[in-house]
Amino acid sequence: MNQIITNIMIEDHKRIENILMHLNSKIKSKEFRENFNFFKSELEKHMIIEEKSILKTYNPEKYNQDVVKKIISEHKELIKMIKEIEKDQNPESSFLAFSELLIEHKDFENNKLYPKLDKELTKEQKEQIFQKIKKQKEM
Ligand SMILES: [Fe+2]
Ligand SMILES: [Fe+2]
């Protein structure tokens, strides 16, 4: 239970990173768009879990903390970059910039945000978050 949020989210990050790497290998092929749509929907689901199941359960006072604000503003930036990639005829450089931000973002979550939450939250709060994640993943 100690590192439960960190562990679950590291697993989910690995899964998304694998899809990202696969996508990167398709950058010059026709399959890129189709693969990108799948990646996009997986990433969106992941960010909804982070915002709705995790960060909102982290109490409202703490919800205003700089780390939480940073995460939410980076999610917005990532969504903006996704839209740019979708419009881009030749998305190599926009995809690279997006990938760099995404990797940096997930490293921050893995190393700072989630260990912080695991340290600050009670066993009961973590259990509550865990159940919410499970429920959202089934949807
Ligand atoms: Fe995130
Ligand atoms: Fe994440």
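Tyr-114 touches Ile-5, Thr-6, Met-9 and Glu-109, leaving aside residues up to four places away in sequence. Contact here requires C-beta atoms, placed from the backbone, to lie within 7 Å. The model is predicted: local features need pLDDT of at least 70 and side-chain atom pairs count only at pLDDT 80 or more, whereas totals for chains, interfaces and linings use all residues. Residues are numbered from 1 along each chain as its sequence is written, while chains are lettered from A and ligands numbered from 1 in the order in which they are written.

The largest nonpolar core has 13 residues. Such a core is a set of buried Ala, Val, Leu, Ile, Met, Phe, Trp, Tyr and Cys residues joined through C-beta atoms within 7 Å. A residue is buried if 20 or more other C-beta atoms lie within 10 Å of its own, exposed if 12 or fewer, and partly exposed in between. Ile-5, Ile-54, Tyr-114 and Leu-117 touch the most other members of the core. Two or more residues each come from α1, α2, α5 (92-120) and α6. Helices are DSSP runs (H or I, at least four residues), numbered from the N terminus.

Two packed helices are described by the angle between their axes and the distance between the axes. Axes are lines fitted to C-alpha atoms, for helices over the stretch in contact, and angles run from 0 to 180 degrees between N-to-C directions. Helix α1 (residues 4-25) packs on helix α2 (residues 32-55) at about 165°, with the axes 9 Å apart. The two are therefore roughly antiparallel (over 145 degrees; under 35 is roughly parallel, 65 to 115 roughly perpendicular, and the rest oblique). Their crossing is left-handed, meaning that the near helix is turned anticlockwise from the far one by less than a right angle. From α1, the contact includes Ile-5, Asp-12, Ile-16 and Leu-23. From α2, Phe-32, Phe-36, Phe-39 and Ile-54 are among the residues involved. By class, this contact has 10 nonpolar, three polar and two charged residues. Nonpolar covers Ala, Val, Leu, Ile, Met, Phe, Trp, Tyr, Cys and Pro; charged covers Asp, Glu, Lys and Arg; the others, Gly among them, are polar.

Helix α1 also meets helix α6 (residues 123-138), the axes coming within 10 Å and crossing at roughly 25°. α1 is thus roughly parallel to α6. Ile-4, Ile-5 and Ile-8 of α1 face Lys-126, Ile-129, Phe-130 and Ile-133 of α6 in this contact. The class count is six nonpolar, no polar and one charged.

Helix α4 (residues 66-87) and α5 pack at about 160°, their axes 10 Å apart. This makes α4 roughly antiparallel to α5. The crossing is left-handed. On α4, the contact involves residues including Val-67, Ile-71, Leu-78 and Ile-85. On α5, Phe-95, Phe-98, Leu-101 and Glu-109 are among the partners. By class, there are 12 nonpolar, two polar and six charged residues.

Two single residues were also examined. Glu-50 is found in helix α2. It counts as buried, with 20 C-beta neighbours inside 10 Å. Leu-55 and Ile-71 touch Glu-50, not counting residues up to four places away in sequence. The C-alpha atoms of Glu-50 and Met-9 are 8.8 Å apart, although 41 residues separate the two along the chain. Pro-60 lies in helix α3 (residues 60-63). Pro-60 is exposed, with 7 other C-beta atoms within 10 Å. Its C-alpha atom is separated by 26 Å from that of Lys-80, 20 residues apart along the chain.

Key
Contact = placed C-beta atoms within 7 Å.
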